[in-house]
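User: I would like to go through this structure with you. Could you take my questions one at a time?

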Amino acid sequence: MLSIPDNKYVKPVLFGCSGTVLTSKERDFFAASQPAGFILFQRNCSEPGQVRQLTDDLRQSVGRADAPVFIDQEGGRVSRLKPPHWPMLPAMRDIGVICERDIKKGIEAGIIHARITAQWLSALGIIGNFAPVLDLYIEGASSAIGDRAISRD
């Protein structure tokens, strides 16, 4: 465990919360348990101001302004931030199709996708995105990856 001020110890775990605001029980639990950080799910995201307040409240609950907050914002069907406040970005497979036709345009599309996502997350106080970058679509494997993979190779 990592030591932080006031003799508290950070535990190597990420926690989520039940809704768009922290409950008093969640605040108390996070303060006592001192998780390394947090992850947001769709149930936690309604509009930009609310998400920013939630990320601030999560950090405040553990007394660490640098506690990391993560999300899974890949684009396509795996998007926690959704319209009307955030436009839907394409799935990674759509970027792969562009790459297969024109590698330069595909790389440019991937960079634009990543920059847009990074700007949204940064403005909301989210420091990391659990988006797959090396997943492959393999025929006959679980359909969980599907269009989340850029390519088969």
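Analyst: What follows is a discussion of a predicted model, from the overall fold to single residues.

User: How many helices and strands does the protein chain have, and in what order do the elements run?
Analyst: The protein chain has four helices and five strands. From the N terminus on, the order is β-β-α-β-α-β-α-α-β.

User: What does the C-alpha trace span, and what share of the residues counts as buried?
Analyst: Along its principal axes, the C-alpha trace spans about 55 × 35 × 25 Å. Of the 153 residues, 39% count as buried. As for contacts between residues at least 6 apart in sequence, 61% join residues at least 24 apart.

User: Let us turn to H4. How far apart are its end C-alpha atoms, and what should its residues span?
Analyst: Helix H4 has 22 residues, which should span 32 Å at 1.5 Å a residue, and its end C-alpha atoms are 32 Å apart, in agreement with that expectation.

User: Which residues of H4 are buried?
Analyst: The buried residues in H4 are Gly106, Ala109, His113, Thr117, Trp120, Leu121 and Leu124. Seen down the helix axis, they fall within an arc of 95°, so they line one face of H4.

User: Why would residues three or four places apart point the same way?
Analyst: An α-helix has 3.6 residues a turn, so residues at a spacing of three or four places point the same way.

User: What do the buried residues of H4 pack against, and what does the face turned away from them carry?
Analyst: The buried residues pack against helix H2 (48-62), strand E4 (69-71), H3 and E5. The face turned away from the buried side carries the exposed residues Lys104, Arg115, Gln119 and Ala123.

User: At what angle do H3 and H4 pack?
Analyst: Helix H3 (residues 92-101) and helix H4 (residues 103-124) pack at about 155°, and their axes are 5 Å apart. H3 is therefore roughly antiparallel to H4, since angles over 145 degrees count as such.

User: Which residues make that contact?
Analyst: On the H3 side they are Met92, Ile95, Ile98, Cys99 and Arg101, and on the H4 side Ile103, Lys105, Gly106, Ile107, Ala109, Gly110 and His113. Seven of the residues in the contact of H3 with H4 are nonpolar, three are polar and two are charged.

User: And how do H2 and H4 cross?
Analyst: The axes of H2 and H4 come within 8 Å and cross at roughly 60°, so the two helices are oblique to each other. Pro48, Val51, Arg52 and Thr55 of H2 meet Ser122, Ala123 and Leu124 of H4. The contact of H2 with H4 comprises four nonpolar, two polar and one charged residue.

User: What about H1 and H2?
Analyst: Their axes come within 7 Å and cross at roughly 50°, which makes H1 oblique to H2. From H1, Arg27, Phe30 and Ala31 meet Asp57, Leu58, Gln60, Ser61 and Val62 of H2. Four residues of the contact of H1 with H2 are nonpolar, two are polar and two are charged.

User: Staying in H2, is Gln50 buried or exposed?
Analyst: Gln50, found in helix H2, has a relative accessible area of 11%, which is under 20%, so Gln50 counts as buried. Leaving aside neighbours within four places in sequence, Gln50 is in contact with Thr20, Asn44 and Cys45.

User: Where is Arg148, and is it buried or exposed?
Analyst: Arg148 is found in the segment after strand E5 (128-129). At a relative accessible area of 18%, Arg148 is buried. Apart from neighbours within four places in sequence, Arg148 is in contact with Glu74, Arg77, Val78, Met92 and Pro132. Met92 is also one of the H3 residues in the contact with H4.

User: On to the backbone. What is phi of Gln34 near?
Analyst: Phi of Gln34 is near 50°, a positive value in a residue other than glycine. Gln34 lies in the loop between helix H1 (24-33) and strand E3 (35-39), and counts as buried at 3% relative accessibility.

User: Last one: is the peptide bond from Pro83 to Pro84 cis or trans?
Analyst: The bond from Pro83 to Pro84 is cis, with omega near 15°. Pro84 lies in the loop between E4 and H3.

Methods: Residues are numbered from 1 along each chain as its sequence is written. This is a predicted model: local features need pLDDT of at least 70, side-chain atom pairs count only at pLDDT 80 or more; totals for chains, interfaces and linings use all residues. Side-chain values use heavy atoms; hydrogens and water are left out. Buried means under 20% relative accessible area, exposed over 50%, partly exposed in between (1.4 Å probe, protein chains only). Contact means heavy atoms within 4.5 Å. Axes are lines fitted to C-alpha atoms, for helices over the stretch in contact, and angles run from 0 to 180 degrees between N-to-C directions. Angles under 35 degrees count as roughly parallel, over 145 as roughly antiparallel, 65 to 115 as roughly perpendicular and the rest as oblique. Ala, Val, Leu, Ile, Met, Phe, Trp, Tyr, Cys and Pro count as nonpolar, Asp, Glu, Lys and Arg as charged, and the others, Gly among them, as polar. The expected span of a helix is 1.5 Å times one less than its number of residues. The arc is that of the directions from the helix axis to the C-beta atoms.
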